[in-house]
Amino acid sequence: PHLPSALWWSYLSAPHRLAATAMPLSKDDVSGIETVAHYTHDEDQAYLMLYGEGVFETIPIEADYTVGDMKLWLNFHKGKDPAEYDLVGPKGCWKMGAGSEVLGDEVVISEVMGERFENKWLMQLSLFPKKKSEASGQWESTFETIEEWVPPPPEEAWDEEDDDEEKWKKDVEKSEADN
């Protein structure tokens, strides 16, 4: 529909409307989505970190991108077979302490990220491995939904290994060499 831009944005940003209007990205679309080497906050562009299973990438995303689109990106750029992992994100809509759950391919990322997307804060989806059932030969999720996240008490949140700068530098070098 032809609407003034403020109304059009209101139409698109209304909950439940984005899912109905989201068009899956094509391979050509995802081929043009480049990673960013060093994320910095951008008031005009939202970014999503994809993390786990050997992947540690940050890419720009738009309001209508779905979990399925991210799986297509991961397949195209990283050779990841979507049958072999789940993408895990916030349970319901992101908030501090929200749990985590496996997100279906049709889930619109901006809807589950809520204010994180609206404010263009860095967002993250985690790749979580599936295992192949010996009985059925099918890939099965190994992720168990987390209802709520409660941080550990301070005395359990840090240990001496966390402060090993040399180890951190080696990890960074290895990560950069792998990319």
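Q: Where does Asp164 lie?
A: Helices (H or I, at least four residues) and strands (E, at least two) are DSSP runs, numbered from the N terminus. Asp164 lies in the loop between α7 (154–157) and α8 (165–178). The model is predicted: local features need pLDDT of at least 70, side-chain atom pairs count only at pLDDT 80 or more, and totals for chains, interfaces and linings use all residues. Residues are numbered from 1 along each chain as its sequence is written, and side-chain values use heavy atoms, with hydrogens and water left out.

Q: Is Asp164 buried, partly exposed or exposed?
A: Buried means under 20% relative accessible area, exposed over 50%, and partly exposed in between (1.4 Å probe, protein chains only). Asp164 is partly exposed because its relative accessibility is 35%.

Q: Which residues form the largest nonpolar core?
A: Such a core is a set of buried Ala, Val, Leu, Ile, Met, Phe, Trp, Tyr and Cys residues joined through side-chain atoms within 4.5 Å. The largest one has 26 residues; Leu48, Leu50, Ile61, Met70, Leu87, Ile109 and Leu125 have the most contacts inside it. Elements giving two or more residues to this core include β1 (46–52), β2 (55–61), α4 (67–78) and β5 (123–132). The largest share, four residues, is that of α4.

Q: What is the phi of Glu53?
A: Glu53, a residue other than glycine, has a positive phi near 55 degrees, and it sits in the loop between β1 and β2.

Q: Where is Lys120 found, and is Lys120 buried or exposed?
A: Lys120 is in the loop between α6 (115–118) and β5. Lys120 is buried because its relative accessible area is 16%.
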